[in-house]
Amino acid sequence: MKTMSNSEIFLAAFAVCLLSSLVAGGATANKLPHFADAAALTPQPNFPDPLVMLDGHRVKSRAQWERERRPELKALFQHYMYGALPPRPSHVTAKLIAEHRDFLGGKATLRLLTLETGSAGAPRIDLMLVVPNQHRGPVPVFLTMNFCGNHALTADTRVPLTRGWLYDSCKGCTNNAATEAARGGQAQDWPLARIVERGYALASFCSSDVDSDRKDVSDGIYAWLANGDEAKNSPANRGSIAAWAWGYHRCVDYLVTELALDSRRIAAVGHSRNGKTALLAAAFDERIALAIPHQAGCGGTAPNRVAPALANPQGNGRPIAETIAVINKSFPHWFNAEFKKFNDAPERLPFDQNCLAALCAPRPVLFSNALEDQWANPNGQFAILQATSPVYRFLGVEGLDAKSVPPLRKLVDSRLGYYIREGKHSMTADDWEVFMNFADRHFAKKK
Ligand code: GCU
């Protein structure tokens, strides 16, 4: 292990205490209203209208949208799909472990922090922050969650190896733990030098710091909250996506206090399951100014009501696009127990993912896709954006400025943005150029 220099030791001792919510007595309880059982809900074959309340009344004003429908939608998503987001802690402590001003050949400063969210045993999030040296003034930041650990984003040995459980499919990981060989395992997909060159900071944390991605083991925030009560920690009723979204929020608690960053220009980015999480995180936290769920698909940006031709093409039960029945079977821990009741009746859900994207309105959101990734249902995602757009227009801003799926590599950069390229399910350096083009357009106005 590397020994810390005196200045680093000083920095480590300098803990920044962030009074994030000032709630007396610890965490804020997340009380949800009572909703009808899944079987009692009226089937709606089309995407439910985000501007119609559960009781059938149409939303008539911006105030009603803000005060009544948004809270109702948030409660509905937590009740029927994601589970309750873990409570917001009364404070988050950001411990600066080290700061290196010579990162990326002197182009950036690397800050390594540990975010502590509660008493002993509570999840700690290792956050890696890369800030450009050459750009003066507060810069916008991409906040991302990664699958394989912060150390996979760069070969720089000063980034600590992730402590928690990791997939063995991550380069250099064996027995579900990172080894030295894991360093920089995904560096080619995270163009850090290019990101800082374009004037952005990047903050990243690993999902396993919050909840490891295992269907039969719950060892993260839910295990901690359950405090030994197994009934409160059932792997099939925990909702890892909600936990990970909570992780994004705790990082935001810190990022908004960081003077090198522009607190009004925080973008949440995530790939695949992390994209589902980035969208949920943005939907529930308006401090996130822009969201880029990349190839997020089912349970995120794609419809729950999958078109029959994609859900069951030859009547042989093997879908082209992922359905909720399939995702609930493969990844039961991502959603709560209630969601499983919709496996054979997605039309009973009182929302579709257009309602989740609508919770981001009027903030910019980009759904980005790949042609060969039909599993993530790129056409269905476009339909979701079309069904979200009326909410943006209702709030007086542009929505989706495209009538049909654009040609490959042509970014639709309206507030509801869409992009599709050739190729497979992956996040590449080229995708990052698109993310930055989208952010340039929307963040430029905020400077
Ligand atoms: C699986 C899963 C998807 C998910 C993806 C990923 O393919 O079915 O829903 O998005 O993994 O996270 O890579």
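Predicted model: local features only at pLDDT ≥ 70, side-chain atom pairs only at ≥ 80, totals over all residues.

Residues are numbered from 1 along each chain as its sequence is written, and side-chain values use heavy atoms, with hydrogens and water left out.

**Entry: a first salt bridge**

I looked up Asp156 and found it buried, because its relative accessibility is 18%. Arg158 is partly exposed at 21%. The two form a salt bridge, with the closest N and O atoms 3.0 Å apart. For the record, a salt bridge here is a side-chain nitrogen of Lys or Arg within 4 Å of a carboxyl oxygen of Asp or Glu. Side chains of opposite charge can pair when their charged atoms come close.

**Entry: other salt bridges**

How many salt bridges does a search of the whole structure find? The search gives 36.

I picked out Asp209 and Arg163, whose side chains meet at 3.9 Å, N to O. This pair links distant parts of the chain, 46 residues apart: Asp209 sits in the loop between strand S8 (201-206) and helix H5 (221-226), and Arg163 in the loop between strand S5 (139-146) and strand S6 (173-174). My helices (H or I, at least four residues) and strands (E, at least two) are DSSP runs, numbered from the N terminus. Asp209 is buried at 8% relative accessibility, whereas Arg163 is partly exposed at 42%.

Next came Asp262 and Arg265, in a salt bridge with the closest N and O atoms 2.7 Å apart. Are Asp262 and Arg265 buried or exposed? Both are buried. I also noted a network: salt bridges with shared partners join Arg88, Arg250, Asp253, Asp285 and Arg287.

**Entry: the ligand**

Which residues surround the ligand? I get Ser272, Arg273, Lys276, Ala296, Glu322, Ile327, Phe331, Trp334, Trp375 and His425, counting a residue as near if one of its heavy atoms lies within 4 Å. By class, this shell has 5 nonpolar, 2 polar and 3 charged residues. The class rule is that Ala, Val, Leu, Ile, Met, Phe, Trp, Tyr, Cys and Pro are nonpolar, Asp, Glu, Lys and Arg are charged, and the others, Gly among them, are polar.

Then I checked distances from polar side-chain atoms to ligand oxygen atoms. Ser272 comes in at 2.6 Å, Trp375 at 2.9 Å and His425 at 3.2 Å. (A polar contact is a pair of N or O atoms within 3.5 Å; within protein, one must be able to donate a hydrogen and the other to accept it, and residues adjacent in sequence count only if both atoms are side-chain atoms.) Taken alone, the ligand exposes 320 Å², and the protein buries 82% of that. Accessible areas are from the Shrake-Rupley method with a 1.4 Å probe; for residues, only the protein chains shown count as cover.

Ser272 got a second look. It lies in the loop between strand S9 (261-271) and H7 and is buried, with a relative accessible area of 11%.

**Entry: two helices**

Helix H7 (residues 273-284) has 12 residues and should span 16 Å at 1.5 Å a residue; its end C-alpha atoms are 17 Å apart, which agrees. The expected span is 1.5 Å times one less than the number of residues. H7 is mostly covered, with 12 of its 12 residues buried; Arg273 and Lys276 are among them.

Helix H6 (residues 240-255) has 16 residues and reaches 23 Å from its first C-alpha to its last, close to the 22 Å expected. In H6, 16 of the 16 residues are buried, so the helix is largely enclosed by the rest of the structure.

Asn227 is exposed at 68% relative accessibility.

The peptide bond from Ala361 to Pro362 is cis, with omega near 5 degrees. Pro362 is in the loop between helix H10 (353-358) and strand S11 (365-370).

Last, Ile292 is in strand S10 (residues 290-294) and is buried at 0% relative accessibility. Its C-alpha is separated by 10 Å from that of Trp432, 140 residues apart along the chain.

Terms used
Buried < 20%, exposed > 50% of the residue type's maximum accessible area, 1.4 Å probe, protein only.
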